[in-house]
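Today I want to go through the aromatic rings in one structure. Please have it open while I talk.

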Amino acid sequence: MIRPRTEQIVTIERFILEHQPQEAKGDFTNLLYDVALAAKAIAHKTNRAGLLDVLGRAGGVNVQGEDQQKLDVYADTIIYRLCDHTGRLCCMASEEQEELVEIPPEYAKGNYVLVYDPLDGSSNIDVNVSIGTIFAIFRCVDWEKRGRLQDVLQPGRNMVAAGYVLYGASTMLVYTTGAGVHGFTLDPELGEFLLTNDNMRVPEPPRYYSVNHSYFGRWSPGVQQYVRWLGGRDGNDAPLMSQRYIGSLVADFHRNLLRGGVFVYPAETNKPQGKLRLLYEAAPLAFLIEEAGGYASDGYRSIRDIEPLDLHQRVPVFIGNRQLVEKAEEFLAQEARVQAEMSENEALTEEVLSEEAL
Ligand code: P6P
């Protein structure tokens, strides 16, 4: 009897090699290896954070205006130093770098683009909550002119790979190349990522909804009604779910991928585009969730269809089981209709008043 793949011992290297597209010339495969190696290096530091005095502030402030934690700096540096000279990339983009990350002129430029958030949720480092790396890979837009901002500002639909690393009770690397979602767990003794979750699918019925309820007063009426619906208020038709939110995107996303659920970080009055980044946070996770049978929206359209205009562009995020995300779109469409009717009525009222004044 052939054993299930997860009962065989399959390293990520072998899995990548077995699943590489026929036309792959090795660069793409080796680039995935590079990301797996960076994950091992970051895991090594992260898992010992409390012992290596890497906690606390690095003193710097990143482009987001957030205090840079030492592990942030380490993770960003590791990925750059692992990838800048391989000849596989034409450029990179990092949450920690304000501008496009160019390949040094002394090195060859390759066909691929790597975008990444080296350590998301880093504010959780000091309280030992799981944190993560998020990444995605594009092909360059124009080989002759490769290495430009245009190569990075591509919609998620163009991604050839996306994934995340979760540094938690164990270290997991979960990725897709458009042929399903596959999860690998790091065996620290072997130093290998071993296949543990083959062809992950977001399960039904969903069990969790994840949102920071303390911002309720900042949301539009449509979002407030949606979140009330998620909570099963007024005996509605929402699935029976628990509210679970730990403030670390990769950890919340991973739990919902395994158990079913929706993660919501909507627009707010003081954050009209929400908080999360399109290019290297929302779009890679949108690729993954779609490959796992789910959906990701900004409330009106697929996050994968949004053309980035800026490296660090933010986007409202509703991501998880398809019917839960589409329900958010229903509430926001209804809100738009009501707002349009109100504007129309106000315009009519002003017209009548101005005529009466004549
Ligand atoms: P809030 C962490 O800072 C992060 O970028 C994500 O990992 C997380 O989902 C979100 O912010 C939490 O934000 O405003 O709820 O603390």
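How many aromatic pairs does a search of the whole structure find? Eleven. Keep in mind that this is a predicted model.

A pair of aromatic rings is described by the distance of the centres and the angle of the planes. I will take two pairs in those terms.

Start with F15 and F184. Their ring centres are 5.2 Å apart and the planes stand at 75°, and over 60 degrees counts as edge-to-face, so that is what we call this pair.

Next, Y164 and F253. Here the centres lie 5.7 Å apart with the planes at 85°, so this pair is edge-to-face as well. Y164 sits in strand β7, residues 161–167, while F253 is in helix α6, residues 249–259, so the contact ties together parts that are 89 residues apart in sequence. Are these residues buried or exposed? Y164 and F253 are both buried.

Now the cluster. Which residues do ring pairs link together? They are Y226, W229, F318 and F331.

Last, charges over rings. R255 is placed over the face of Y208, 5.2 Å from the ring centre. R322 is over the face of Y295, and there the distance to the ring centre is 4.4 Å.

Key:
Residues numbered from 1 in each chain as written. Predicted model: local features only at pLDDT ≥ 70, side-chain atom pairs only at ≥ 80, totals over all residues. Heavy atoms only, no water. Phe/Tyr/Trp six-rings, centres within 6.5 Å; stacked < 30°, edge-to-face > 60°. Helix = DSSP H or I, 4+ residues; strand = E, 2+ residues; numbered from the N terminus. Buried < 20%, exposed > 50% of the residue type's maximum accessible area, 1.4 Å probe, protein only. Lys NZ or Arg CZ within 6 Å of the ring centre and 35° of its normal.
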